[in-house]
Amino acid sequence: MKKSLMLYLFILAILMNLFTYSFYSGEAKFQQERYDKTTKKLRDSINLMTEKLNDADYFSLEHNENAQNYFDNSASGGKVILYEKLIPVVKEKLLDLNTNPKGNPYTGQDMIGGKKFIINKIKILNHRWIIADYSNGELWGEVLLKYFVDNDDNITFEVNQTWLYQK
């Protein structure tokens with residue numbers, strides 16, 4: 001009786017070890033498959049977001065080599081304007097005009113109800129065009145501007161077209 005009890009316990013121990021080994025090897029395989037699937041999803045998401053970002057930045061001075069070359073006048077004896085330094089200067093100059101008591105003149109809008117229009121967001125599209133978002137706190141609009149940089153590094157702006165959205 002003692003021998004058969006020991007035999008049953010031995011067989012039970014072997015079966016438990018077999019099931020434990022089977023469970024943990026299957027668990028490891030499952031975890032690896034889940035890791036691979038998640039990694040693939042993340043890579044696909046990153047690639048998709050990179051593609052969307054590249055599409056969104058297609059019209060920007062930072063990614064337009066032809067527009068950047070416009071500021072390189074060294075071949076004709078002129079000077080070189082570095083677009084990396086020009087972009088923040090142009091944005092700052094345009095935003096500084098928001099302090100005007102009548103609002104930023106380059107929104108193309110007069111004050112409405114005593115509220116002035118100011119420029120909120122700016123994107124420099126190339127060597128000539130800027131698109132900007134403006135508001136007076138209640139109304140919102142967009143403006144397409146031309147900008148010019150003269151030989152003395154003075155920057156001037158010109159409103160090309162403006163749009164004010166309805167409430």
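This is a predicted model: local features need pLDDT of at least 70, side-chain atom pairs count only at pLDDT 80 or more; totals for chains, interfaces and linings use all residues.
View 1. Lys-123 stands opposite Ile-131 of E2, and E1 and E2 are joined in the antiparallel sense over six bridges. Helix H3 packs on the sheet, where it touches E1, E2, E3 and E4, and the direction of H3 makes about 160 degrees with that of E1.

**View 2. The four-stranded sheet.** The strands form an open sheet in the order E1-E2-E3-E4, with antiparallel pairing; E1 and E4 are the edge strands, each of which pairs on one side only. Direction ignored, neighbouring strands of this sheet are turned by 30 degrees against each other on average.

**View 3. Helix H3 and its buried face.** With 14 residues, H3 reaches 20 Å from its first C-alpha to its last, close to the 20 Å expected at 1.5 Å a residue. Tyr-83, Leu-86, Ile-87, Val-90 and Leu-94 of H3 are buried; seen down the axis of H3, its buried residues fall within an arc of 105 degrees, so they line one face of the helix. On the other side of H3, Lys-85 and Glu-92 are exposed, whereas the cover over the buried residues includes helix H2 (65-70) together with E1, E2, E3 and E4.

**View 4. Surroundings of Thr-107.** Thr-107 lies in the loop between helix H3 (83-96) and strand E1 (118-124), and it is buried, with a relative accessible area of 0%. A polar atom of the Thr-107 side chain lies 3.3 Å from the backbone nitrogen of Gln-109. Leaving aside residues up to four places away in sequence, Thr-107 touches Phe-117, Ile-118, Ile-119, Tyr-134, Val-143 and Thr-162.

Definitions and conventions:
Residues are numbered from 1 along each chain as its sequence is written. Side-chain values use heavy atoms; hydrogens and water are left out. Helices (H or I, at least four residues) and strands (E, at least two) are DSSP runs, numbered from the N terminus. Buried means under 20% relative accessible area, exposed over 50%, partly exposed in between (1.4 Å probe, protein chains only). A polar contact is a pair of N or O atoms within 3.5 Å; within protein, one must be able to donate a hydrogen and the other to accept it, and residues adjacent in sequence count only if both atoms are side-chain atoms. Contact means heavy atoms within 4.5 Å. The expected span of a helix is 1.5 Å times one less than its number of residues. The arc is that of the directions from the helix axis to the C-beta atoms. Two strands pair if DSSP finds at least two bridges between them. Axes are lines fitted to C-alpha atoms, for helices over the stretch in contact, and angles run from 0 to 180 degrees between N-to-C directions.
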